[in-house]
Amino acid sequence: MAPFLLHSLPSSVSLQLLMLVVLSIFSASISRSVASTEPEPPLTLDYYASTCPTALDIVRKEMECAVLSDPRNAAFILRLHFHDCLVQGCDGSVLLDDTITLKGEKKASINAHSLKGFRIVDRIKNKLESECPAVVSCADLLTVAARDAVLL
């Protein structure tokens, strides 16, 4: 279904379609990581319950503020997540800045004028780092923020 037709659907159907997209991207990423040749610890939905119990609440509160200030922010975050997952999986690479040796995806010509929401992600990451330093990955932050963007 073309995105421009979503506005003609009931909001509950639109929400279900968007949630399906987010979950399918997330599950594809999980499938790739599980299928790798190196043994990896099992993935769990409650990983942050023990490592950073407030992580999901922090992301949710920041997304609520962002969406309340401008409802388009939900779409910006969902689009960021989509572009992150598009090429090689949901790895947070769309958030990378340029360095001397690396051309980051954030300012790549294809993304430079089409992606927004980086300040929202930076604000969430700063809050998470002050609460739980070096625990929550950028990829997880972006996935959870996209989930919350769809739900809000």
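**Entry 1. A cut-off before anything else**

I count a residue as buried when its relative accessible area is under 20%, and as exposed when that area is over 50%. Partly exposed covers what lies in between. K125 has 17% relative accessibility, so I count K125 as buried. I keep in mind that this is a predicted model.

**Entry 2. Overall layout**

I looked up the secondary structure. I found six helices and zero strands. Along the sequence the pattern reads α-α-α-α-α-α. The protein has 152 residues, and 36% of them count as buried. I noted an accessible surface of about 9800 Å². Carbon and sulfur atoms account for 62% of that surface. Then I checked contacts between residues at least 6 apart in sequence. Of these, 64% join residues at least 24 apart.

**Entry 3. Salt bridges**

How many salt bridges does the structure hold? I have seven on the list. Side chains of opposite charge can pair when their charged atoms come close. I went through several of them.

I stayed with K125. Its salt-bridge partner is E129, with the closest N and O atoms 3.0 Å apart. Both residues sit in helix α5, four residues apart, which is about one turn of the helix. An α-helix has 3.6 residues a turn, so residues three or four places apart point the same way. K125 is buried, whereas E129 is partly exposed at 28%.

Next I took R123. R123 forms a salt bridge with E62, and the closest N and O atoms are 3.3 Å apart. This pair links distant parts of the chain: R123 is in helix α5 (residues 118-131) and E62 is in helix α3 (residues 55-69), 61 residues apart. Are the two partners buried or exposed? R123 has 37% relative accessibility, so I put R123 down as partly exposed. E62 has 11%, so E62 goes down as buried.

I also looked at R72 and D70. Their side chains meet in a salt bridge at 2.9 Å, N to O. R72 reaches 53% relative accessibility and therefore counts as exposed.

Which residues are linked in a network of salt bridges? I wrote down R60, E64, R147 and D148.

**Entry 4. Helix α6**

D148 took me to helix α6, where D148 is among the buried residues. I checked the length of this helix. It runs over residues 138-151, which makes 14 residues. The expected span is 1.5 Å times one less than the number of residues. For α6 that should give 20 Å, and the end C-alpha atoms are 20 Å apart, so the two agree.

Is α6 mostly covered or mostly open? I have α6 as mostly covered, with ten of its 14 residues buried. The buried set includes A139, L141, L142, T143 and V144. A145, A146, A149 and V150 also belong to the buried set.

**Entry 5. A149 up close**

A149 is in helix α6. Its relative accessibility is 7%, so A149 counts as buried. What does A149 touch, leaving out residues up to four places away in sequence? I listed M63, A74 and I77. I followed up on I77. A149 and I77 are 72 residues apart along the chain, yet their C-alpha atoms are separated by 6.8 Å.

Notes: Residues are numbered from 1 along each chain as its sequence is written. This is a predicted model: local features need pLDDT of at least 70, side-chain atom pairs count only at pLDDT 80 or more; totals for chains, interfaces and linings use all residues. Side-chain values use heavy atoms; hydrogens and water are left out. Helices (H or I, at least four residues) and strands (E, at least two) are DSSP runs, numbered from the N terminus. Buried means under 20% relative accessible area, exposed over 50%, partly exposed in between (1.4 Å probe, protein chains only). Contact means heavy atoms within 4.5 Å. Accessible areas come from the Shrake-Rupley method with a 1.4 Å probe; for residues, only the protein chains shown count as cover. A salt bridge is a side-chain nitrogen of Lys or Arg within 4 Å of a carboxyl oxygen of Asp or Glu.
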